[in-house]
Amino acid sequence: MSTARGSLSARRSTAVALSIHAAVSLAGCSLVEVAPPAPLTGIAKCVLGNTWNLDTAALAAAVQAELATRKVTAVAAIDGTQTLDWGLDSKIVLDTNYTLTLTSGAEDNQTVVTDKHAGKSTGIAYINAEVAIPRDWDATGLNVDTTATVKGVAAEALPYTLVPTDIDDSVGVELTCDGGTMTTHQRGSDITLTWTKK
C-alpha cells in the first residue's frame, strides 16, 4: 500500500511541476514582442508602395538629345506605356509596351528606326539613401526589337546605335522623388527616366 501511495504522490508532484513549467513558459512567450518594421523615410518613403508611369514624351526627348550629341539628327516619338510597380517589400515589376520611332533624312530619302520594347521584367531593388541597388533581375520576359528602313525598304544594318533605356541590375540606380514625380538614372547612362505616380 505504501508503494502505491508513494507512486501516486510522485505522479501528482510531477503533474503539478509540469503545469507550473507550462504556465511559466507561456507567460514568458507573451512578454516577447516582435519589433515593428522601421518606418520608411526619405526617398524610400516617397518611392515604395506605388505604381509609376513612365513619361514617354520625356524619354523621347532624352533619346533625341543623346543622339544629337553624336551628330545624329533624328526626330523621336514614342507610342505606348511602361509602368513600374515598386512594392513596400522592395520588389519591382516593370510592365513595358512601347515603341520608339526615330525619323531622319529628307522626305524622299527617309531613314526610320523602330525600337519596340514589350514584356515584363522583375527583380528587387533596395534603396540606400538616394540609390537603389537592383538584385535578382529577370528580364527574360522583356523583348526588345530594333529595326530600320531606308526609303521604306528594310535596312540590313542599323544606321546608328541606341543607348539602353530599360532598367536592369548592371549598376545602381540614382533616384529623386518629390511625391508625385520620380526620376531614375542608371549610373553611367546618358538617359534619365521620369515617372509620375499612378
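Mentor: Let us begin with pairing: two strands pair if DSSP finds at least two bridges between them. Please keep in mind that this is a predicted model.

Trainee: How do you know that β3 and β4 pair?

Mentor: Strand β3 (residues 91-104) and strand β4 (residues 111-128) share 14 bridges in the antiparallel sense. The requirement is at least two bridges, so they count as paired. One of the bridges joins Ile92 to Gly123 in β4. In the hairpin of β3 and β4, 6 residues lie between the strands, and Gly105 has a positive phi near 90°.

Trainee: What makes β4 and β5 a pair?

Mentor: The same test is applied. β4 and strand β5 (residues 131-150) have 16 antiparallel bridges, and the definition therefore holds. Lys120, for example, has Gly141 in β5 as its bridge partner. The hairpin of β4 and β5 has 2 residues between the strands, and Ala129 takes a positive phi near 60° there.

Trainee: Why is the link of Cys46 and Cys177 called a disulfide?

Mentor: Their sulfur atoms are 1.9 Å apart, and the cut-off is within 2.5 Å; the pair therefore qualifies. The structure holds 1 disulfide. The pair links distant parts of the chain: Cys46 belongs to helix α2 (residues 42-47) and Cys177 to strand β7 (residues 173-177), 131 residues apart. The angle about the S-S bond is -65°, and the link is left-handed.

Trainee: Are Cys46 and Cys177 buried or exposed?

Mentor: Both Cys46 and Cys177 are buried, a term that requires under 20% relative accessible area.

Trainee: What makes a group of residues a nonpolar core, and which members touch the most others in the largest one?

Mentor: The members must be buried residues of nonpolar kinds, joined through side-chain atoms within 4.5 Å. The largest such core has 37 residues, of which Leu84, Trp86, Leu102 and Trp195 touch the most other members. Its largest share, 5 residues, comes from β3. Leu102 has contacts beyond four places in sequence that include Val63, Leu67, Tyr160 and Leu162. In soluble globular proteins, nonpolar side chains tend to be buried together.

Conventions
Residues are numbered from 1 along each chain as its sequence is written. This is a predicted model: local features need pLDDT of at least 70, side-chain atom pairs count only at pLDDT 80 or more; totals for chains, interfaces and linings use all residues. Side-chain values use heavy atoms; hydrogens and water are left out. Helices (H or I, at least four residues) and strands (E, at least two) are DSSP runs, numbered from the N terminus. Buried means under 20% relative accessible area, exposed over 50%, partly exposed in between (1.4 Å probe, protein chains only). Contact means heavy atoms within 4.5 Å.
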